[in-house]
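Please go through the salt bridges and the strand pairing of the model shown here.

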Amino acid sequence: MRGFWMFGLAGMIGMAAVDPSGAVAADEPYLAVRTGFRCAVCHTNRTGGGKRNDFGVVFAQTRLPMKVTGLGKEGSFVATRITDLLSLGADLRVNTSREFTGTNPKNPLISEGNIYVEARVIPDRLTIYADQIVAPGSPRTREIFVLLSGLPAESYLKVGKFFLPYGLRLLDDGEFIRQTTGFNYTNSDQGIELGVEPGTLSLAVALTNGTQGAAENNSSKQVSGLASLVFSRFRVGASASRNDAPAGRRDVVGAFGGFRLGRFAVLGEFDYIFVDPPEQLPAGFPDDPDLGDQFAAFVEGDLLLARGLNVKVTYGFLDPDRGIGENARTRLRFGVEPFITQFLQVSIFYTLLEDIPQATADRDKLTVELHGFF
(Lines give C-alpha, C1' and ligand atoms only; values in the text may rest on other atoms or scores of the structure.)
Protein backbone atom coordinates (compact mmCIF):
# COMPACT_ATOMS: atom_id res chain seq x y z
CA MET A 1 0.00 0.00 0.00
CA ARG A 2 2.83 2.39 0.86
CA GLY A 3 4.54 1.67 -2.48
CA PHE A 4 1.30 2.35 -4.35
CA TRP A 5 0.84 5.68 -2.53
CA MET A 6 4.42 6.79 -3.23
CA PHE A 7 4.16 5.82 -6.88
CA GLY A 8 0.99 7.89 -7.12
CA LEU A 9 2.79 10.83 -5.53
CA ALA A 10 5.56 10.54 -8.12
CA GLY A 11 3.02 10.62 -10.90
CA MET A 12 1.24 13.69 -9.51
CA ILE A 13 4.55 15.50 -9.11
CA GLY A 14 5.54 14.69 -12.65
CA MET A 15 2.27 16.15 -13.99
CA ALA A 16 2.01 19.18 -11.73
CA ALA A 17 5.58 20.30 -11.22
CA VAL A 18 7.46 20.22 -14.49
CA ASP A 19 7.38 23.38 -16.56
CA PRO A 20 7.57 23.33 -20.37
CA SER A 21 11.38 23.38 -20.31
CA GLY A 22 11.58 20.26 -18.16
CA ALA A 23 12.88 22.21 -15.16
CA VAL A 24 12.57 20.85 -11.66
CA ALA A 25 12.67 22.10 -8.10
CA ALA A 26 15.42 21.17 -5.65
CA ASP A 27 17.43 23.04 -3.03
CA GLU A 28 18.51 26.24 -4.79
CA PRO A 29 16.52 29.45 -5.40
CA TYR A 30 16.97 29.42 -9.19
CA LEU A 31 15.06 26.15 -9.38
CA ALA A 32 12.21 27.61 -7.36
CA VAL A 33 12.17 30.60 -9.75
CA ARG A 34 12.21 28.27 -12.73
CA THR A 35 9.19 26.30 -11.50
CA GLY A 36 7.24 28.99 -9.68
CA PHE A 37 7.29 27.08 -6.38
CA ARG A 38 7.70 28.24 -2.81
CA CYS A 39 10.49 26.76 -0.69
CA ALA A 40 7.91 24.85 1.38
CA VAL A 41 6.83 22.82 -1.65
CA CYS A 42 10.03 20.74 -1.51
CA HIS A 43 11.49 21.31 1.98
CA THR A 44 10.48 20.51 5.54
CA ASN A 45 11.76 23.92 6.64
CA ARG A 46 9.11 26.31 5.33
CA THR A 47 11.70 28.97 4.43
CA GLY A 48 13.92 26.54 2.51
CA GLY A 49 17.10 24.54 2.82
CA GLY A 50 17.85 21.26 4.55
CA LYS A 51 15.78 18.11 4.24
CA ARG A 52 13.53 17.48 1.27
CA ASN A 53 9.97 16.49 2.06
CA ASP A 54 8.10 13.66 0.28
CA PHE A 55 7.39 15.91 -2.69
CA GLY A 56 11.02 17.04 -2.96
CA VAL A 57 12.40 13.49 -2.63
CA VAL A 58 10.33 12.08 -5.47
CA PHE A 59 10.94 15.15 -7.58
CA ALA A 60 14.72 15.05 -7.11
CA GLN A 61 14.94 11.37 -8.00
CA THR A 62 12.58 11.24 -10.97
CA ARG A 63 12.78 14.69 -12.63
CA LEU A 64 16.08 16.26 -11.62
CA PRO A 65 18.78 13.94 -13.08
CA MET A 66 19.98 13.66 -16.65
CA LYS A 67 19.12 9.96 -16.46
CA VAL A 68 17.40 7.86 -13.84
CA THR A 69 19.51 4.75 -13.27
CA GLY A 70 19.13 1.54 -11.34
CA LEU A 71 15.51 2.06 -10.41
CA GLY A 72 13.66 0.49 -13.29
CA LYS A 73 11.03 2.69 -14.85
CA GLU A 74 11.22 6.42 -14.25
CA GLY A 75 8.25 6.50 -11.91
CA SER A 76 10.05 4.42 -9.27
CA PHE A 77 12.48 5.76 -6.65
CA VAL A 78 14.13 5.08 -3.31
CA ALA A 79 11.98 6.33 -0.43
CA THR A 80 13.57 8.16 2.50
CA ARG A 81 10.61 7.57 4.80
CA ILE A 82 11.39 4.77 7.26
CA THR A 83 7.88 4.69 8.72
CA ASP A 84 4.78 6.80 8.27
CA LEU A 85 6.08 9.04 11.05
CA LEU A 86 9.88 9.04 10.57
CA SER A 87 12.06 9.98 7.57
CA LEU A 88 15.73 10.73 6.95
CA GLY A 89 17.81 12.74 4.49
CA ALA A 90 21.45 13.56 3.83
CA ASP A 91 23.80 15.83 1.85
CA LEU A 92 27.51 15.18 1.28
CA ARG A 93 29.76 17.56 -0.67
CA VAL A 94 33.40 16.84 -1.51
CA ASN A 95 35.41 19.37 -3.48
CA THR A 96 38.89 20.19 -4.69
CA SER A 97 40.16 23.52 -5.95
CA ARG A 98 43.09 25.16 -7.72
CA GLU A 99 43.95 28.75 -6.81
CA PHE A 100 45.88 30.68 -9.46
CA THR A 101 48.14 32.79 -7.25
CA GLY A 102 51.14 30.49 -6.94
CA THR A 103 49.59 28.22 -4.33
CA ASN A 104 49.32 24.46 -4.67
CA PRO A 105 46.05 22.71 -5.54
CA LYS A 106 43.96 21.73 -2.56
CA ASN A 107 43.37 18.05 -1.94
CA PRO A 108 39.75 16.83 -1.99
CA LEU A 109 37.98 17.71 1.24
CA ILE A 110 34.52 17.38 2.68
CA SER A 111 32.88 20.79 2.63
CA GLU A 112 29.50 19.60 3.86
CA GLY A 113 28.15 16.49 5.52
CA ASN A 114 24.64 16.78 6.95
CA ILE A 115 22.04 14.32 8.19
CA TYR A 116 18.37 15.29 8.52
CA VAL A 117 15.72 13.69 10.69
CA GLU A 118 12.00 14.47 10.47
CA ALA A 119 9.41 13.04 12.85
CA ARG A 120 5.80 13.74 11.92
CA VAL A 121 4.30 13.27 15.36
CA ILE A 122 0.90 14.36 14.07
CA PRO A 123 0.90 14.21 10.24
CA ASP A 124 0.33 17.61 8.62
CA ARG A 125 0.10 19.19 12.08
CA LEU A 126 3.07 18.61 14.40
CA THR A 127 6.63 17.92 13.19
CA ILE A 128 9.94 17.62 15.02
CA TYR A 129 12.93 18.36 12.78
CA ALA A 130 16.73 18.21 13.19
CA ASP A 131 19.57 19.18 10.83
CA GLN A 132 22.87 17.79 12.13
CA ILE A 133 26.35 18.52 10.78
CA VAL A 134 28.57 15.43 10.90
CA ALA A 135 31.47 16.82 8.80
CA PRO A 136 33.72 18.71 8.53
CA GLY A 137 34.81 19.22 12.13
CA SER A 138 32.98 18.12 15.23
CA PRO A 139 29.27 17.19 15.09
CA ARG A 140 26.97 20.14 15.75
CA THR A 141 23.36 21.09 15.20
CA ARG A 142 22.34 23.61 12.56
CA GLU A 143 18.59 23.38 13.12
CA ILE A 144 16.32 21.65 15.61
CA PHE A 145 12.75 22.83 15.99
CA VAL A 146 9.11 21.96 16.48
CA LEU A 147 6.86 22.93 13.57
CA LEU A 148 3.13 23.39 14.04
CA SER A 149 1.32 23.52 10.70
CA GLY A 150 -2.26 23.79 9.52
CA LEU A 151 -3.08 26.83 11.65
CA PRO A 152 -5.79 29.34 10.65
CA ALA A 153 -5.14 31.52 7.57
CA GLU A 154 -2.65 28.94 6.19
CA SER A 155 -0.15 29.81 8.90
CA TYR A 156 2.53 27.89 10.82
CA LEU A 157 4.55 28.25 14.00
CA LYS A 158 8.19 27.21 14.43
CA VAL A 159 9.96 27.05 17.82
CA GLY A 160 13.61 26.09 18.41
CA LYS A 161 16.86 26.71 16.56
CA PHE A 162 16.59 27.55 12.87
CA PHE A 163 17.88 29.64 9.96
CA LEU A 164 16.34 33.08 10.06
CA PRO A 165 13.95 34.23 7.32
CA TYR A 166 15.78 36.69 5.12
CA GLY A 167 16.41 37.06 1.38
CA LEU A 168 17.36 34.31 -1.05
CA ARG A 169 18.45 31.06 0.60
CA LEU A 170 21.56 30.71 -1.59
CA LEU A 171 23.60 27.55 -1.29
CA ASP A 172 26.85 29.51 -1.77
CA ASP A 173 27.70 31.22 1.53
CA GLY A 174 30.69 32.84 -0.18
CA GLU A 175 28.43 35.38 -1.88
CA PHE A 176 28.66 38.89 -0.45
CA ILE A 177 24.91 39.12 0.24
CA ARG A 178 25.18 36.10 2.54
CA GLN A 179 28.50 37.04 4.17
CA THR A 180 27.70 40.65 5.00
CA THR A 181 24.10 40.19 6.13
CA GLY A 182 24.95 37.12 8.22
CA PHE A 183 21.92 35.20 6.93
CA ASN A 184 23.61 32.06 5.68
CA TYR A 185 24.03 28.33 6.40
CA THR A 186 26.63 29.04 9.09
CA ASN A 187 24.39 31.13 11.31
CA SER A 188 21.19 29.93 12.92
CA ASP A 189 19.54 31.21 16.09
CA GLN A 190 17.12 30.21 18.81
CA GLY A 191 13.63 31.64 19.01
CA ILE A 192 10.20 31.54 17.43
CA GLU A 193 8.96 32.07 13.88
CA LEU A 194 5.45 32.73 12.61
CA GLY A 195 4.59 32.35 8.94
CA VAL A 196 1.49 32.94 6.82
CA GLU A 197 1.14 31.72 3.22
CA PRO A 198 -2.26 32.65 1.78
CA GLY A 199 -2.46 32.40 -2.01
CA THR A 200 0.53 33.99 -3.72
CA LEU A 201 1.68 35.82 -0.59
CA SER A 202 4.31 34.49 1.81
CA LEU A 203 5.12 36.17 5.14
CA ALA A 204 7.57 35.01 7.83
CA VAL A 205 8.67 36.85 10.99
CA ALA A 206 11.13 35.50 13.57
CA LEU A 207 11.94 36.70 17.09
CA THR A 208 15.30 35.25 18.23
CA ASN A 209 18.13 35.80 20.70
CA GLY A 210 20.35 37.56 18.17
CA THR A 211 23.42 35.55 19.18
CA GLN A 212 23.63 33.08 16.24
CA GLY A 213 22.75 30.18 18.51
CA ALA A 214 25.15 31.05 21.33
CA ALA A 215 24.04 31.60 24.92
CA GLU A 216 21.72 34.53 25.61
CA ASN A 217 23.74 37.60 26.63
CA ASN A 218 21.21 40.45 26.84
CA SER A 219 17.51 41.20 27.22
CA SER A 220 17.09 42.51 23.65
CA LYS A 221 15.97 40.33 20.75
CA GLN A 222 16.56 40.14 17.02
CA VAL A 223 13.57 40.56 14.72
CA SER A 224 13.87 39.22 11.17
CA GLY A 225 11.33 38.77 8.45
CA LEU A 226 10.50 38.59 4.79
CA ALA A 227 7.50 39.09 2.56
CA SER A 228 7.19 37.84 -1.00
CA LEU A 229 4.71 37.44 -3.83
CA VAL A 230 5.22 34.21 -5.77
CA PHE A 231 3.77 33.67 -9.24
CA SER A 232 4.39 31.00 -11.84
CA ARG A 233 6.84 33.10 -13.88
CA PHE A 234 8.18 35.68 -11.44
CA ARG A 235 8.47 36.62 -7.79
CA VAL A 236 9.37 39.70 -5.78
CA GLY A 237 10.05 40.21 -2.09
CA ALA A 238 11.59 42.31 0.67
CA SER A 239 13.46 41.48 3.88
CA ALA A 240 14.39 43.32 7.06
CA SER A 241 16.14 42.64 10.34
CA ARG A 242 17.03 44.53 13.52
CA ASN A 243 19.38 43.25 16.20
CA ASP A 244 19.99 45.29 19.36
CA ALA A 245 23.16 43.95 20.95
CA PRO A 246 25.65 45.25 23.54
CA ALA A 247 28.07 46.10 20.71
CA GLY A 248 25.46 48.29 19.00
CA ARG A 249 22.38 48.05 16.85
CA ARG A 250 22.54 46.38 13.43
CA ASP A 251 19.79 46.91 10.85
CA VAL A 252 19.62 45.04 7.55
CA VAL A 253 17.10 45.79 4.79
CA GLY A 254 16.90 44.46 1.26
CA ALA A 255 14.85 43.30 -1.68
CA PHE A 256 14.96 40.22 -3.90
CA GLY A 257 13.19 38.73 -6.88
CA GLY A 258 13.42 36.59 -9.99
CA PHE A 259 11.73 35.63 -13.24
CA ARG A 260 11.92 32.94 -15.91
CA LEU A 261 11.72 32.93 -19.68
CA GLY A 262 11.53 29.38 -20.97
CA ARG A 263 14.82 27.68 -20.09
CA PHE A 264 16.36 30.89 -18.70
CA ALA A 265 15.98 32.04 -15.09
CA VAL A 266 17.24 35.26 -13.48
CA LEU A 267 17.27 36.19 -9.80
CA GLY A 268 18.88 38.85 -7.66
CA GLU A 269 19.06 40.60 -4.32
CA PHE A 270 20.47 43.79 -2.82
CA ASP A 271 20.98 44.63 0.85
CA TYR A 272 21.93 47.60 3.01
CA ILE A 273 23.56 46.98 6.37
CA PHE A 274 23.41 49.85 8.88
CA VAL A 275 25.54 49.68 12.01
CA ASP A 276 24.94 52.03 14.97
CA PRO A 277 27.77 51.76 17.51
CA PRO A 278 27.19 52.15 21.27
CA GLU A 279 26.63 55.64 22.64
CA GLN A 280 30.02 55.61 24.36
CA LEU A 281 32.38 55.69 21.38
CA PRO A 282 36.14 55.21 21.76
CA ALA A 283 38.26 58.36 21.79
CA GLY A 284 39.05 59.55 18.25
CA PHE A 285 36.23 57.58 16.65
CA PRO A 286 35.31 59.40 13.37
CA ASP A 287 31.90 61.07 13.27
CA ASP A 288 30.70 59.78 9.89
CA PRO A 289 27.09 58.52 9.58
CA ASP A 290 28.07 56.10 6.77
CA LEU A 291 31.16 54.68 8.46
CA GLY A 292 30.72 50.95 9.00
CA ASP A 293 27.59 50.72 6.82
CA GLN A 294 27.69 48.25 3.93
CA PHE A 295 25.96 47.58 0.62
CA ALA A 296 25.87 44.21 -1.15
CA ALA A 297 24.21 43.10 -4.39
CA PHE A 298 23.87 39.87 -6.32
CA VAL A 299 22.51 38.75 -9.68
CA GLU A 300 22.38 35.23 -11.13
CA GLY A 301 21.48 33.80 -14.51
CA ASP A 302 20.75 30.10 -15.12
CA LEU A 303 20.25 28.35 -18.45
CA LEU A 304 18.88 24.81 -18.69
CA LEU A 305 20.82 23.44 -21.67
CA ALA A 306 19.26 19.99 -21.38
CA ARG A 307 17.52 17.93 -18.78
CA GLY A 308 19.76 17.82 -15.71
CA LEU A 309 22.38 20.20 -17.17
CA ASN A 310 22.42 23.76 -15.85
CA VAL A 311 24.80 26.60 -16.74
CA LYS A 312 25.16 29.27 -14.07
CA VAL A 313 26.71 32.77 -14.03
CA THR A 314 26.68 34.93 -10.89
CA TYR A 315 27.93 38.43 -10.13
CA GLY A 316 28.35 39.85 -6.64
CA PHE A 317 29.18 43.40 -5.55
CA LEU A 318 30.22 44.62 -2.11
CA ASP A 319 30.91 48.06 -0.67
CA PRO A 320 32.38 46.93 2.68
CA ASP A 321 32.29 50.43 4.17
CA ARG A 322 30.19 53.20 2.65
CA GLY A 323 32.21 55.76 4.62
CA ILE A 324 35.39 54.85 2.71
CA GLY A 325 35.78 55.46 -1.01
CA GLU A 326 37.37 53.23 -3.67
CA ASN A 327 37.14 49.99 -1.72
CA ALA A 328 34.49 47.99 -3.59
CA ARG A 329 34.82 44.24 -4.24
CA THR A 330 33.33 42.15 -7.04
CA ARG A 331 32.93 38.39 -7.41
CA LEU A 332 32.21 36.71 -10.74
CA ARG A 333 31.45 32.99 -10.81
CA PHE A 334 30.51 30.80 -13.77
CA GLY A 335 30.29 27.11 -14.52
CA VAL A 336 28.15 24.04 -15.11
CA GLU A 337 26.34 21.74 -12.68
CA PRO A 338 25.02 18.52 -14.22
CA PHE A 339 22.88 16.14 -12.16
CA ILE A 340 24.44 12.90 -13.33
CA THR A 341 22.04 10.55 -11.55
CA GLN A 342 19.21 10.91 -9.06
CA PHE A 343 21.73 10.89 -6.19
CA LEU A 344 24.80 12.66 -7.65
CA GLN A 345 25.51 16.18 -8.85
CA VAL A 346 28.82 17.48 -10.26
CA SER A 347 29.71 21.18 -10.18
CA ILE A 348 32.60 22.83 -12.03
CA PHE A 349 33.02 26.56 -11.36
CA TYR A 350 35.58 29.28 -11.97
CA THR A 351 35.59 32.22 -9.54
CA LEU A 352 37.19 35.62 -10.17
CA LEU A 353 37.49 37.85 -7.11
CA GLU A 354 38.40 41.51 -7.67
CA ASP A 355 39.56 42.84 -4.32
CA ILE A 356 41.37 45.94 -3.12
CA PRO A 357 45.07 45.94 -4.19
CA GLN A 358 46.42 45.33 -0.69
CA ALA A 359 44.27 42.22 -0.16
CA THR A 360 46.16 38.94 0.19
CA ALA A 361 43.25 36.60 -0.52
CA ASP A 362 43.38 34.36 -3.59
CA ARG A 363 41.51 35.96 -6.46
CA ASP A 364 41.01 33.28 -9.14
CA LYS A 365 39.97 29.73 -8.32
CA LEU A 366 38.74 26.64 -10.15
CA THR A 367 36.55 24.34 -8.05
CA VAL A 368 35.24 20.87 -8.79
CA GLU A 369 32.63 19.45 -6.42
CA LEU A 370 30.76 16.17 -6.05
CA HIS A 371 27.40 16.39 -4.29
CA GLY A 372 25.71 13.25 -3.09
CA PHE A 373 22.18 13.72 -1.75
CA PHE A 374 19.34 11.59 -0.47
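Arg242 and Asp251 form a salt bridge, with 2.8 Å between the closest N and O atoms; the term requires a side-chain nitrogen of Lys or Arg within 4 Å of a carboxyl oxygen of Asp or Glu. Arg242 is partly exposed because its relative accessibility is 39%, and Asp251 is buried at 12% (buried is under 20% relative accessible area, exposed over 50%, partly exposed in between; 1.4 Å probe, protein chains only). This is a predicted model, in which local features need pLDDT of at least 70 and side-chain atom pairs pLDDT 80 or more, while totals for chains, interfaces and linings use all residues. Residues are numbered from 1 along each chain as its sequence is written, and side-chain values use heavy atoms, without hydrogens and water.

The whole structure holds 20 salt bridges. One of them joins Lys51 and Glu118 at 2.9 Å, N to O. Lys51 sits in the loop between α2 and α3, Glu118 in strand β2, 67 residues apart (helices are DSSP runs of H or I, at least four residues, and strands runs of E, at least two, numbered from the N terminus). Lys51 is buried at 1% relative accessibility, and Glu118 is buried at 6%.

Asp131 and Arg142 also form a salt bridge, at 2.8 Å between the closest N and O atoms. Asp131 lies in β3 and Arg142 in β4, so the pair ties together parts 11 residues apart in sequence.

Strands β8 and β9 pair antiparallel over nine bridges (pairing takes at least two DSSP bridges). Three residues separate the two strands in a hairpin. Phe231 is in the loop between β8 and β9, and is partly exposed at 30% relative accessibility.
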